[in-house]
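Good morning, and thank you for making time for this presentation. Please have the structure open in your viewer while I speak.

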Amino acid sequence: MSDTENNDFKGFDEDDAVAFIRADIPENISDQYSDDEILFVIDSIWDYYENRGLTSLDDIDIEEDLLDVDDLTDYVKKCIAREKELFMDPKDVEFIVKAELNYEKSLEELL
């Protein structure tokens, strides 16, 4: 995801997202993954949003209702599985996805 794409979501910052995620997941999981691996999860989440038409900020409440977290998590796991050099425990991915969603909610609370 490019910086301009990040700016489409008011206040979204990849560095802040990574820091938030690291603080939101268990330390033993956080210690296992690099920032780049966490960013891959973030990028996969945003790819999911784009593929499902969930990137409009005008209908953010409706889009939240349409979001299937299990489907999103499965999508991210499949993206990781396609990457030959990326190894992430599927259970850890669930924690990271939920933490990223918590980061998004924290941004909404600031609006």
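This is a predicted model: local features need pLDDT of at least 70, side-chain atom pairs count only at pLDDT 80 or more; totals for chains, interfaces and linings use all residues.

The protein has seven helices and zero strands. Read along the sequence, its pattern is therefore written α-α-α-α-α-α-α. Of its 111 residues, 39% count as buried. The exposed surface comes to about 6,800 Å², and carbon and sulfur atoms supply 45% of that area. As for contacts between residues at least 6 apart in sequence, 70% of them join residues at least 24 apart.

I turn to helix H2. Which residues of H2 are buried? They are Glu14, Ala17, Val18 and Ile21. These residues cover an arc of only 100° around the axis, which puts them on the same side of H2. Asp15 and Ala23, on the other side of H2, are exposed.

Next, the salt bridges. In general terms, side chains of opposite charge can pair when their charged atoms come close. How many salt bridges does a search of the whole structure find? The search finds three.

One of them joins arginine 22 and aspartate 35, whose closest N and O atoms are 2.8 Å apart. Arginine 22 belongs to helix H2 and aspartate 35 to helix H4, so this pair ties together parts that are 13 residues apart in sequence. Both residues are partly exposed: arginine 22 has a relative accessibility of 22%, and aspartate 35 has one of 40%.

Another salt bridge is formed by aspartate 71 and arginine 52, with 3.4 Å between the closest N and O atoms. Aspartate 71 lies in helix H6, which spans residues 69-82, while arginine 52 lies in the loop between H4 and helix H5, so parts 19 residues apart in sequence are tied together. Aspartate 71 is partly exposed, with a relative accessible area of 28%, and arginine 52 is also partly exposed, at 40% relative accessibility.

The remaining salt bridge is that of glutamate 94 with lysine 77, where the closest N and O atoms are 2.7 Å apart. This pair links distant parts of the chain, with glutamate 94 in helix H7 and lysine 77 in helix H6, 17 residues apart. Glutamate 94 counts as partly exposed at 32% relative accessibility, and lysine 77 counts as partly exposed with a relative accessible area of 23%.

I now come to the aromatic residues. The search of the whole structure finds six aromatic pairs. Why is the pair of phenylalanine 12 and tyrosine 103 called edge-to-face? The ring centres are 5.3 Å apart and the planes stand at 80°; planes over 60 degrees apart count as edge-to-face, so the pair receives that label. Phenylalanine 12 and tyrosine 103 are both buried.

Tryptophan 46 and tyrosine 49 form another edge-to-face pair, at 5.3 Å centre to centre and 75° between the planes. These residues are three apart in helix H4, so about one helical turn separates them. Tryptophan 46 counts as buried at 9% relative accessibility, and tyrosine 49 counts as buried at 5%. One aromatic cluster is formed by Phe12, Phe20, Trp46, Tyr48, Tyr49, Tyr75 and Tyr103.

Beyond its neighbours within four places in sequence, glutamate 100 is in contact with Phe12, Ile21, Ile42, Ile45, Trp46 and Tyr49.

Valine 93 also lies in helix H7, and it counts as buried at 1% relative accessibility. Leaving aside neighbours within four places in sequence, valine 93 is in contact with Val76, Lys77, Ile80 and Met88. The C-alpha atoms of valine 93 and lysine 77 are separated by 7.0 Å, although the two residues are 16 apart along the chain.

Thank you; I am glad to take questions.

How values were computed
Residues are numbered from 1 along each chain as its sequence is written. Side-chain values use heavy atoms; hydrogens and water are left out. Contact means heavy atoms within 4.5 Å. Helices (H or I, at least four residues) and strands (E, at least two) are DSSP runs, numbered from the N terminus. Buried means under 20% relative accessible area, exposed over 50%, partly exposed in between (1.4 Å probe, protein chains only). Rings of Phe, Tyr and Trp (its six-membered ring) pair if their centres lie within 6.5 Å; planes under 30 degrees apart count as stacked, over 60 as edge-to-face and the rest as tilted. Accessible areas come from the Shrake-Rupley method with a 1.4 Å probe; for residues, only the protein chains shown count as cover. The arc is that of the directions from the helix axis to the C-beta atoms. A salt bridge is a side-chain nitrogen of Lys or Arg within 4 Å of a carboxyl oxygen of Asp or Glu.
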